[in-house]
Amino acid sequence: MPPVPDVVTAAADPAPGSPASSDTAAPSAAEPGAAPGPETSPAELDRALSELGDAALGFARMPPRDKASLLRSLLPGLLAAARPQVEASCAAMGLDPRSAASGEAWLAGPYPTLSHVRLLAEALEDIAARGRPRLARGAVRERADGRVEVEVFPARRGDAALHGPVRARALMLPGATRAGVREEQARFYQQRDPEGGVALVLGADDVASVPLREALHKLFVEGRVVALATSPRSAPLGVILERALAPLVSRGLLRFVYGSADMSAYLAAHPAVGEVHVTGSAAAHDALVWGPPGPSQALRRASGERLLQKPISSTLGGVSPVLVMPWLYGGDELWFQARVLASQVVSNASPGSHAAQVLVLPRGFVQRPLLLRLLHRALSAVPPRRPGHPDAEARYAALTAGRAPLERELLDGTPDAPLPRGVVRIGEPGPGELPWTLVAGLSGSDADEPLFSTEPRCGLLSIVEVGSSDPVEFLAAATRFCNDRLRGTLGASIVAHPISAEDPAVGAALERALLELRYGVIAVNQAPAAAHAAVVPPWGAHPSATPADIQSGLGFVHNTAMLGQVEKTILRAPLTTFPRPPSFCDHRRSHVVGERLAACAADPGWGNIACVVSAAMRG
């Protein structure tokens, strides 16, 4: 390994047993128990960066239509690699690739990746034809409060058939104008002679498609060639994707590199790298920018003396809340939303940074016992799994230590009494597995509660009560709690009965909460991951973060409409939909729907759409 600069010391670990211990390593650090992946040699690292640098200017100035053709040439290889990618993901998660549970791998990997590639190609074809990606007539509008928003989804034919009645709008930053939105769109492609450059994407996620899609954003939205540093956990997937993306790799536009924390730090500091994008945790970002945890890091942060001076963007983790507005819901409505919630807990055993982690309920909510019983029922139907995060068992032990066991006390309690404090474990885990777990009775005023600052990543959901059964009071209290007590600003969701918005005071309170919640993606009656799957909506943390207080990151990705000046994405869906979404943990044909969605993403003809709908209807 070539001499490594000071930033490498960021890989130092915290005290053993700390809930956040694995998050403080640099993004591509080897994880305990991870299968060894390929190691890129020092000479290969330098050669890869040299080749990227040679290709950077030519790629930056490549005509948009040629870039679109290049993207379309990726679709056959990615589609052919879809099943091997799913099989590798299932092997890592201990799932049968022929089972319905493997639908998670289809929906998290091949489907959104193929969609992303095709939608970027369509956007670049629009730029070639008219200067900017197309927006629907009337998509850019001024709200009653003077803010500007852009309707971004549905955006193409078939979106409604595939995603149901899901709608997404991008809320622009204060001060943005309708004319300014158009001017800022596809900013890179408004330059006459762009210089481009080399971007490093540090992929700390075990879902290899996540850093890959960040790399696609850097390539085709921001005009940089990319070195993609893949974590050891996702190296097998990286090898599959590297072969599938041969048209990019052979032209020197994308390089996959594999190795340790030392390699990542060396690449980040390399003079050939112009900017860095981090996926993973806030601690990983801080270790690169400010150095290893401790007094020196705190001093650098306070003085603004960054170790890594290059431009850095990031999509990081956080503690994602689900707010349930008080209302009298129908039993079928609560059952649907309980499965939305349970599916987020189950998905890949909750390692995803947008999975539900804190359930925020109103004090005195009359349907609290019913909701919790339905949630328990949904989770009980799913066998425990091997967790997706390598530190999950230690993290689980630390986060549940000292909490009393509960069962009937939680499910049979009366709504006028506070939730009892303790832990409900669901299922009979086998070796290497963890039970689905509810931690109840948390206090919103507890400054030292680790579940408010630590991503569990182990199939654990905590429950806290705030405010009152008055919807206006609850939304105000819940907004304060989420903004002030929970760490992270990536995704949040709100369960809201559509009738509630018809009350002027309640409707105004809901709109105020959507405006004031400091999250980059807020979903109403749906998981934030729906925006991730739709690809078009901007995905990222709330822009209130700074390098010194990074929260869940800086910058938006995906965003195939190439919008600038984004504050957040607001996604809305009905309280229930039919047929049940393939993302539901009780969907009987999720794997079939997922495979057909991947084919449809590559070729969205009506015949393929009909095949998806047919499978979904039988789920």
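Two strands count as paired here if DSSP finds at least two bridges between them, and strands (E, at least two residues) and helices (H or I, at least four) are DSSP runs numbered from the N terminus. This is a predicted model, so local features need pLDDT of at least 70 and side-chain atom pairs count only at pLDDT 80 or more, while totals for chains, interfaces and linings use all residues. Residues are numbered from 1 along each chain as its sequence is written, and side-chain values use heavy atoms, with hydrogens and water left out.

Look at strand 3 (residues 167-172) and strand 19 (residues 566-572): they run antiparallel and are joined by six bridges. Ala170 stands opposite Thr569 of strand 19. Contact means heavy atoms within 4.5 Å.

Now for the helix pairs. Axes are lines fitted to C-alpha atoms, for helices over the stretch in contact, and angles run from 0 to 180 degrees between N-to-C directions. Helix 4 (residues 82-93) and helix 10 (residues 235-244) pack at about 175°, with axes 9 Å apart. That makes them roughly antiparallel (angles over 145 degrees; under 35 is roughly parallel, 65 to 115 roughly perpendicular, and the rest oblique). Pro84, Gln85, Ala88 and Ser89 of helix 4 meet Leu237, Ile240 and Leu241 of helix 10.

Helix 6 (residues 110-130) and helix 22 (residues 590-602) pack at about 10°, with axes 8 Å apart, and are therefore roughly parallel. Here Pro110, Tyr111, Leu114, Ser115 and Arg118 of helix 6 touch Leu597, Ala598, Ala601 and Ala602 of helix 22.

Finally, the inside. A nonpolar core is a set of buried Ala, Val, Leu, Ile, Met, Phe, Trp, Tyr and Cys residues joined through side-chain atoms within 4.5 Å; buried means under 20% relative accessible area, exposed over 50%, and partly exposed in between (1.4 Å probe, protein chains only). In the largest core, of 87 residues, Leu200, Phe220, Leu248 and Val276 touch the most other members. Helix 6 gives this core its largest share, eight residues. Apart from it lies another core, of 72 residues, including Tyr329 and Val424.
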